[in-house]
Amino acid sequence: MAINVMKNTNSRIGKWAQKEGSAYAFISMYALMFFIFIMVPVLVAFLLSFTFFDTIQLPRLIGLKNYVVLLTQDDIFMKYVLPNTIQFAVIVGPGGYILSFVLAWILAQLPKVPRTIMALILYSPSMTSGVAMTVVWLTMFSGDQNGYLNSFLLGLNVIQEPIQWLQSPQYLMTIMIIVTLWSSMGVGFLAMLAGILEINPELYEAGSLDGINTRFQEIFYITIPSMKPQMLFGAVMSIVSTFQAGAIGVTLSGGNPTPQYAGQLIVNHIEDFGFLRYEMGYAAAVSVVLLLMVLLFARVANKLFASEQ
Amino acid sequence: MKQKSLKKFSNFQNSRINPKGYHPSQLKFYVMLLPLIIIMLLPIIFIFSHAFKPLDELFAYPPRFFVINPTFKNFTDLFSKMSGSGIPVSRYLFNSIVITIVTVAASIVVSSTAAYALSKKKFKLKKVLFSINTVALMFVPIAVTIPRFLIIERLNLMDTFLVHVLPGLAMPVGLFLIKQFIDGIPDDVVEAARIDGASDWRIYYAIILPMIKPAIATIAILTFQATWNNAEISTMYINDESLKTFAFYLTTLTSTASGANAVAGQGISAAASLITFLPNLIIFILLQSQVMSTMSHSGLK
């Protein structure tokens, strides 16, 4: 009815409303939420990164100072946070991704029932997303002799006294990486599995006529090129979940900062400055750096798996 | 020789990708997968086993992996307990259930209506909007916790029920997956209905929705996991204890479990972990075939 009224008053607007208006109506709810909770935050982070803001006074423009301080004076960032983040991201990102692909490929070689059961087992750690598993990890890696790992190693006489796994700087990062890899078979893994199963079997037959003999050649010349879109989707998902997993060190060690900054990742650095020191402008600059890192990783993935048009 | 080639022929399908039945060549894959499956499964089994351990087994030395005398005591303890501020545990669980149901339902409506427009309607900004959403697939929410906090504060959403629901509704992966799935429905179907005089709303409701059940199931699962396991929203935006979630309550247990409250906390937090984990597992098992058929549309070009 509203459309009819509009039609009478102004035929051009009426036509538009009839043709495109309902499309915008359908998209409006999502667009609004997207705008408020994704677009504006990114924009605000970007703007705040050029200011000094302690949440009490209004933000004061200070130009690029936050970035300059971050790159030249923030010892903790340069000495611990950045190397830690790169180490974590490079091992967990590509590591988890390759693991997902290899497992998806192996699963695709099996009949439906065992494949489904095993895919479920491999996927299930990713749905726990931290919270529920904390109890398990805290018990496994507990620092007293009652901890499962300690008790196991003491029993084998590998170690003579219990080790404070989660409090010692030399082990924390390794444990964080293992725990995150354990839960890295997520949505991307399912997408790649579906992608491998979708490939037309005739491609393989044609390939074998063209002289592709080993399964390795098959993977590189047929499987991966035929499922590039899924490979790219999986890559983006694994980049996002890698950076999103950044709080794991704080969860495991029980505090921010982590012991001697051993498990300090860029996400923890943001939280440290934003919510513990209330230097919101500086924290926003670190957020922007993080978002740029994600984009950089995604660009590399895009280069690798973009479909040729 | 002849027999061998014949056998090879009849089993050709079974030694390839997506085989129909068993073939000896699959054995090596089982051997490769088995150790990994066991490693992946151990923590999951541990959640189950740990939750049913009586007190003496929780603190047995040497620690035991499997429960010997299973008991429900941890669960009864959990529900007879009050949190530090006098809120019964069942209240957190009730909050989580209501929040999750509302968020999942809203997320389905919000994402599927937008996906329908992006896939089947023609309008100017269509391409731009979809590519913005594709870039947003790379969005890492944890990076913008601070601006989000400031915005939610400004919008007066602190300490409201809505703050649990709204941020989760903008889910680029969800919109992307449903849109790709709707792309698989031929345009002719929609055109035919339009010629018959069906309105957009009717096309969406009566034609598209019934055809995209797998995609709906997938986004339901993704939203469910993001909401049910969410403790951050309660930590950051909620001060009113009676509005917090079960996942939040679990984090308070694990942070005290290592401290002074260790003895009493262990069993309760093990039980709470299982309660948090179990619904994820059950829902995924029920909907897994739908998820897989959605994932085959997941390609990012």
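Biologist: Which residues of H9(A) meet which residues of H12(A)?

Modeller: This is a predicted model. In it, A:Val187, A:Gly188, A:Ala191, A:Met192, A:Ala194 and A:Gly195 of H9(A) meet A:Gln230, A:Met231, A:Phe233, A:Gly234, A:Met237 and A:Ser238 of H12(A).

Biologist: What makes A:Val187 and the others count as contact residues?

Modeller: The cut-off is C-beta atoms within 7 Å, placed from the backbone.

Biologist: How does that contact divide by class?

Modeller: Seven residues are nonpolar, five are polar and none is charged. Gly counts as polar, so A:Gly188, A:Gly195 and A:Gly234 fall in that class.

Biologist: Why is H9(A) called roughly antiparallel to H12(A)?

Modeller: The axes of H9 (residues 187–198) and H12 (residues 228–244) of chain A cross at roughly 170°. Angles over 145 degrees count as roughly antiparallel. Therefore H9(A) is roughly antiparallel to H12(A). Their axes come within 8 Å.

Biologist: What does each chain give to the contact of chain A with chain B?

Modeller: Chain A gives 85 residues and chain B gives 83. On the side of chain A, helix H2 (residues 11–48) gives the most, with 19 residues. That side has 62 nonpolar, 20 polar and three charged residues.

Biologist: Which domains are assigned in chain B, and where do the bounds come from?

Modeller: Domain 1 is 24–71 and domain 2 is 85–295. The bounds come from an automatic or database assignment. The centres of domain 1 and domain 2 of chain B are 31 Å apart, over C-alpha atoms. Each of these domains gives seven residues to their contact.

Biologist: Which helix gives the largest share of the domain 1 side?

Modeller: H2(B), with four residues.

How values were computed
Residues numbered from 1 in each chain as written. Chains lettered and ligands numbered in written order. Predicted model: local features only at pLDDT ≥ 70, side-chain atom pairs only at ≥ 80, totals over all residues. Axes fitted to C-alpha atoms, helices over the stretch in contact; angles between N-to-C directions. Helix = DSSP H or I, 4+ residues; strand = E, 2+ residues; numbered from the N terminus. Parallel < 35°, antiparallel > 145°, perpendicular 65-115°, else oblique. Contact = placed C-beta atoms within 7 Å.
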